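How do helices pack against one another, and what do their contacts consist of? Follow the chain below with those points in mind.

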Amino acid sequence: KCLNDAHAALMGEIWQGAAKDKRDVVILTLGTGVGGAMVCDGRLIQGHIGRAGHLGHLSVAMDDPPSIIGMPGAIEYQIGNGYLAQRTNGRFQMTSDLLSAVGAGDAFAKQVWDRSIQSLATTIAGLINAFDPEVVVLGGGIANAWEAIDAPLKAWLDKIEWRPGGHRVPVIHATLGEWAGCYGAVHFAK
């Protein structure tokens, strides 16, 4: 049995982490790029050839440059570290530097970060509509800036998430960190 890194991370978070014992979960791993995976009714969705879960290539801005697979305006372009220099005309290389500038009151950095969070919220709301998860988990290095993500993301989701009967899908921070994939691979191999 083989798993990609995001599939393994999700299985780890369900087995021993933030989504423990949940049966319907979506994860987005935010780092150099954006990975993802879904478990529906307790089953990891891998798709016909194992491609399912490459959620970083979902388009949120058709006019933006393509991701590495050719998808224009992918969420990976909007929030991944691998495209940050391109998004900021070379001003920032890492999200941590961007967020330091946001904290220092840099208006341009704030504009870039706000667009990143808006794009992330749009992606999450779309995934909620597509998969109806119990919870959405955010992992990866960028998600470690949770204090810069949580409140603005919730504010955007308050505007755009479809909430039948007032039901809000919790968006939570992964808890296993760099070990999530190891936990998931062990669990999946059982």
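A crossing is left-handed if the near helix is turned anticlockwise from the far one by less than a right angle, and right-handed if clockwise. Keep that in hand for what follows. The model is predicted.

Start with helix 4, residues 95-103. Helix 4 passes helix 5 in a left-handed crossing. The two axes come within 8 Å and cross at roughly 120 degrees. That angle makes helix 4 oblique to helix 5. On the helix 4 side, the contact is made by Thr95, Leu98, Leu99, Ala101 and Val102. Their partners in helix 5 are Ala109, Lys110, Val112 and Trp113. By class, this contact divides into seven nonpolar residues, one polar and one charged.

Now stay on helix 5, residues 107-131, and turn to helix 6, residues 146-160. Here the axes lie 9 Å apart, at an angle of about 55 degrees.

Which residues of helix 5 meet helix 6? They are Trp113, Ile117, Gln118, Leu120, Ala121, Thr122, Ile124 and Ala125. Helix 6 answers with Ala148, Ile149, Pro152, Leu153, Trp156, Leu157 and Ile160. The contact of helix 5 with helix 6 has 13 nonpolar residues, two polar and no charged ones. Note Trp113: this residue of helix 5 meets helix 4, and Trp113 also meets helix 6.

Next, go to the pair formed by helix 1, residues 5-16, and helix 7, residues 180-189. Their axes come within 6 Å and cross at roughly 80 degrees. That makes helix 1 roughly perpendicular to helix 7. Helix 1 contributes Ala8, Ala9, Met11, Gly12, Glu13, Trp15 and Gln16. Helix 7 contributes Ala180, Gly181, Tyr183, Gly184, Ala185, Val186, His187 and Phe188. The residues of this contact divide into nine nonpolar, five polar and one charged.

Finally, look at the cysteines. A disulfide is a covalent bond between the sulfur atoms of two cysteines. How many disulfides does the structure hold? It holds zero.

Methods: Residues are numbered from 1 along each chain as its sequence is written. This is a predicted model: local features need pLDDT of at least 70, side-chain atom pairs count only at pLDDT 80 or more; totals for chains, interfaces and linings use all residues. Side-chain values use heavy atoms; hydrogens and water are left out. A disulfide is a pair of cysteine sulfur atoms within 2.5 Å. Axes are lines fitted to C-alpha atoms, for helices over the stretch in contact, and angles run from 0 to 180 degrees between N-to-C directions. Helices (H or I, at least four residues) and strands (E, at least two) are DSSP runs, numbered from the N terminus. Contact means heavy atoms within 4.5 Å. Ala, Val, Leu, Ile, Met, Phe, Trp, Tyr, Cys and Pro count as nonpolar, Asp, Glu, Lys and Arg as charged, and the others, Gly among them, as polar. Angles under 35 degrees count as roughly parallel, over 145 as roughly antiparallel, 65 to 115 as roughly perpendicular and the rest as oblique.
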